[in-house]
Amino acid sequence: MACNIHIKLDDNPMGVYAVGDKITGHVIIQCPKGAVTHSGISIELEGKVALQLPTKSLGVFETLYNELKPLQLCQDSFTLTPSGKLPEGTSTFQFSFTLQRSAKGPPLFETYHGVFINVQYFLHVNLQRGKFQKNQREQVQLLVQNPGQTIEGEDNSAKPHTFTMTPKTHQVDGRKGSGSPNFTITGRLDTKTCSISDPFIGFVTVQQSDATIKSVELHLCRVETCSSQDKTAKETTYIQNTQVAMGDPCRNMPIPIFLVFPRLLTCPTLDTFYFKAEFQVNVVVVFEDDSVVEEQVPLRIFRQGPAKLPPQCADVQLSPNLG
């Protein structure tokens, strides 16, 4: 006989927490068809960094997968009720945790859902049913934000970036110089050092182009790196594509760029000894024949606040295989 388990967070229905916050709530268990015996009910707070690979990944990343174990960020648990019997109807249990790092563990990084690196926090409720019965488990994910998560010594002041794309400076699908159409495309991005809560803005201008332009796009990408001993794997994948102009733009007319960093898919830049999560934007111009020219701009993302992330997470005491 299965029970219905629900985790309700107090005064925080969105489940957004900062480091040091209290996580309080109730576990509600409904037994609609009579009393249920159990061997104990517990709740666990867990945060970890995990390497997840798609099945198509081959080569060095597949080798790293067998060596890198999940990195534990925080773990705490307690028993809601010892073994006994849940009466028919609804039973409610209260819980409270403080969101803090494990002893001698790394800092609590922000929640991040990447392709190869995932930083996740969960509340798990475990209902032990005893012999010959299937245990039940319910979980809810927490969104952790770490104001001030940045790398010590880095300057968060705005660093504008200007660029000019011409056949002499940029390749068009591998062609450079005389093999490319004649074009001059300029742009300005307000900053390469970005607050994750602020929009990313700028403009791009087509000064002149002999070839017809089909589209101007802005690609937001993640650059994820995993290291283990003498092996390093680095992959760049797309997060989102924003079309800023469709069709052949008017010449010498600035085209505005406006991008909001998506939650969960981006986070403050992480640079640790074992993994990195970095980001970049590509300003992409697609010509009528589908040839492409682009400007790649690395970003450093931070979240404003008082706390600081130690450089290279020097206080993390881990073995070479993250064990």
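Let's start with salt bridges, where a side-chain nitrogen of Lys or Arg sits within 4 Å of a carboxyl oxygen of Asp or Glu. By this rule, there are four salt bridges here. Side chains of opposite charge can pair when their charged atoms come close. Keep in mind that this is a predicted model, where local features need pLDDT of at least 70, side-chain atom pairs count only at pLDDT 80 or more, and totals for chains, interfaces and linings use all residues. Residues are numbered from 1 along each chain as its sequence is written, and side-chain values use heavy atoms, with hydrogens and water left out.

Take the pair Arg303 and Glu110: their closest N and O atoms are 2.5 Å apart. Buried means under 20% relative accessible area, exposed means over 50%, and partly exposed is in between (1.4 Å probe, protein chains only).

Now look at Asp290 and Lys214, whose side chains meet in a salt bridge at 2.3 Å, N to O. Asp290 lies in the loop between strand E20 (275-287) and E21, and Lys214 lies in strand E16 (residues 213-228), so this pair ties together parts that are 76 residues apart in sequence. Asp290 counts as partly exposed because its relative accessibility is 46%. Lys214, at 37%, also counts as partly exposed.

Another salt bridge joins the side chains of Arg251 and Asp248, at 3.1 Å from N to O. Arg251 is partly exposed, with 29% relative accessibility, and Asp248 is partly exposed at 40%.

Next stop: His124, which you'll find in strand E10 (residues 117-128). Is His124 buried or exposed? It counts as buried because its relative accessibility is 4%. The side chain of His124 makes a polar contact with the side chain of Glu46, at 3.1 Å. (A polar contact is a pair of N or O atoms within 3.5 Å; within protein, one must be able to donate a hydrogen and the other to accept it, and residues adjacent in sequence count only if both atoms are side-chain atoms.) Leaving aside neighbours within four places in sequence, His124 is in contact (heavy atoms within 4.5 Å) with residues including Ser42, Ile43 and Arg137.

Phe279 is worth a visit too, and its place is in strand E20. With a relative accessible area of 2%, Phe279 is buried. Beyond its neighbours within four places in sequence, Phe279 is in contact with several residues, among them Tyr112, Cys221, Ile239 and Leu265. The C-alpha atoms of Phe279 and Ile239 are separated by 9.5 Å, though the two residues are 40 apart along the chain.

Finally, trace an open sheet of four strands, in the order E12-E13-E15-E18, with antiparallel pairing. Two strands pair if DSSP finds at least two bridges between them. Strand E12 (161-165) and strand E18 (255-259) stand at the edges with a single partner strand each, so one side of each has no neighbour in the sheet. Inside the sheet order, strand E13 (residues 183-189) and strand E15 (residues 200-209) pair in the antiparallel sense over seven bridges. Here, Thr186 stands opposite Thr205 in E15.

Methods
Helix = DSSP H or I, 4+ residues; strand = E, 2+ residues; numbered from the N terminus.
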